[in-house]
Amino acid sequence: MTADSSKPKPDVIVAGHICLDIIPVLPKGTNCRELLLPGRLLQLGPALVSTGGPVSNTGLALHKLGVPTQLMAKVGDDVFGNAILDLVRRHDAALVEGMKVAAGESSSYSVVLTVPGIDRILLHCPGCNDTFSADDVDYDIASRARVFHFGYPPMMKQMYQQNGEELVRMMRRVKTGGVVTSVDMVMPDPDTDAGRADWTAILKQALPWVDLFLPSIEEMLLMLERDLFDQLAMRGGADGVLSVLAPQHFSTMAERLLEMGSAVVALKAGHRGLYLRSAGPERIPPTFDSSVWAKRELWVPCFKSNVVGTTGSGDATIAGFLAGVLHDLGPVEAMTGAVATGACNVEAADALGGIIPWSQVQERIARGWERLPLDINAEGWRFDARRDVWIGPKDGMAVN
């Protein structure tokens, strides 16, 4: 397919995993045993139906922020596929022009059961996300964008099989076309093929073609340092891994990922904000100002917010970071925009209801939006109170 040069070109392509989320309303007092009781008819309330996954969450968040966006994902020619396309069209019909409809394949969907008192239960069908390959990307459209962002390789079988051959082929083709490349991850189930994949080998091959690598610190520990992850999980207990992570864990992991080939590594850390390390000027993309992006180690705290829900908060944070990049901001401002967008996200129950235009995000920051406390008591770290950013010992310059 050849791109229509008369159409406005997107600033960003968001490609990868998409699914239909079906969230039934369970009766009050429902317990797990009732859900699994053979022969039992359990009456439910109306279901919330929405799109999910990074193509939906990050892509539509960027669209709501006001960034010209194009989505690229794969759905089947079934009822769920039609529903996904219809839900996306409600935001803007042009968003689906890069979507691929696969004849005879089933679309991905999740049934999300929220039972009071326990963590939510997800029943997931990967559908044609598992058959998505490098050939499903429209490179004519991708070549006209400034940034190509790909989400959730661990939930797309073709992307992690054979040591990530398809992921490498796709990212290499996009990057050699002069486009800034970006990748986000997701926590794989350790007991699945994705959890057992050799992610060290995959990332060693893929990251030389990835400019912006944007996973969470927990994802990377699980995928690359499983023994350490398990030790930290035991120490953290009910408070989780994040509660016992030291700055050195972030620095060591980021340095490893930079050595694998990425230009910029931003590690999401939940309520502890966003950590960033970057490579030397020779690896920074030519469209970036290497005088402010090269050899950085920075950590920004989150903004205070009225938390209603956390669905898609990581995806929204990435949308904010990419929006900052596309507005030609430096790393501190891009990171600040990222955690601000994430804070807006959690003020609504769904993944998109809290997202506001980029100009309003910036206005809220400018009005002195209060931050959550972030105390980094480690050697070499110092706090720039003027810009609300911690500067690490590996930072190669004063904050700009």
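Trainee: Is tyrosine 152 buried or exposed?
Mentor: Its relative accessibility is 13%. The cut-offs are under 20% relative accessible area for buried, over 50% for exposed, and partly exposed in between (1.4 Å probe, protein chains only). At 13%, tyrosine 152 therefore counts as buried.

Trainee: What pLDDT do local features need?
Mentor: Residues are numbered from 1 along each chain as its sequence is written, and side-chain values use heavy atoms, with hydrogens and water left out. This is a predicted model: totals for chains, interfaces and linings use all residues, side-chain atom pairs count only at pLDDT 80 or more, and local features need pLDDT of at least 70.

Trainee: Where is the place of tyrosine 152?
Mentor: Tyrosine 152 has a positive phi of about 75°, although it is not a glycine. Helices (H or I, at least four residues) and strands (E, at least two) are DSSP runs, numbered from the N terminus. Tyrosine 152 is placed in the loop between strand 9 and helix 5 (157-160).

Trainee: What is phi of aspartate 388 near?
Mentor: Aspartate 388 sits in the loop between strand 15 and strand 16. Its relative accessible area is 26%, so it is partly exposed. Its phi is positive in a residue other than glycine, near 55°.

Trainee: What radius of gyration does the protein chain have?
Mentor: The rule for a globule is 2.2 Å times the number of residues to the power 0.38, and the radius is taken over C-alpha atoms. For 400 residues, a compact globule would come out near 21 Å. The protein chain agrees, at 21 Å.

Trainee: Which strands stand at the edges of the open sheet of 10 strands?
Mentor: Pairing takes at least two DSSP bridges between two strands. The order is 4-1-9-10-11-12-13-14-16-15, with mixed pairing.

Trainee: What is the bridge partner of phenylalanine 213 in strand 12?
Mentor: Strand 11 (residues 212-213) and strand 12 (residues 264-268) run parallel, joined by two bridges. The partner of phenylalanine 213 is valine 265.

Trainee: At about what angle does helix 14 run to strand 14?
Mentor: Axes are lines fitted to C-alpha atoms, for helices over the stretch in contact, and angles run from 0 to 180 degrees between N-to-C directions. Helix 13 (residues 313-326) makes about 170° with strand 9. Helix 14 (residues 331-345) lies across strand 13, strand 14 and strand 16. Its angle to strand 14 is about 30°.

Trainee: Which residues touch the most other members of the largest nonpolar core?
Mentor: A nonpolar core is a set of buried Ala, Val, Leu, Ile, Met, Phe, Trp, Tyr and Cys residues joined through side-chain atoms within 4.5 Å. The largest has 62 residues. Leucine 212 touches Phe288, Phe321 and Val325, among others. The top four are Met99, Leu212, Trp293 and Phe321.

Trainee: Which strands does helix 3 touch?
Mentor: An open sheet of four strands has the order 3-2-7-8, with mixed pairing. Its twist averages 20° from one strand to the next. Helix 3 (residues 79-89) packs on this sheet, at about 95° to strand 2. It touches strand 2, strand 3 and strand 7.

Trainee: Which residues does glutamate 225 touch, not counting those up to four places away in sequence?
Mentor: Glutamate 225 lies in the loop between helix 9 (217-224) and helix 10 (226-236). It counts as partly exposed because its relative accessibility is 32%. The residues it touches are Met220, Met253 and Arg256.

Definitions and conventions: Contact = heavy atoms within 4.5 Å.
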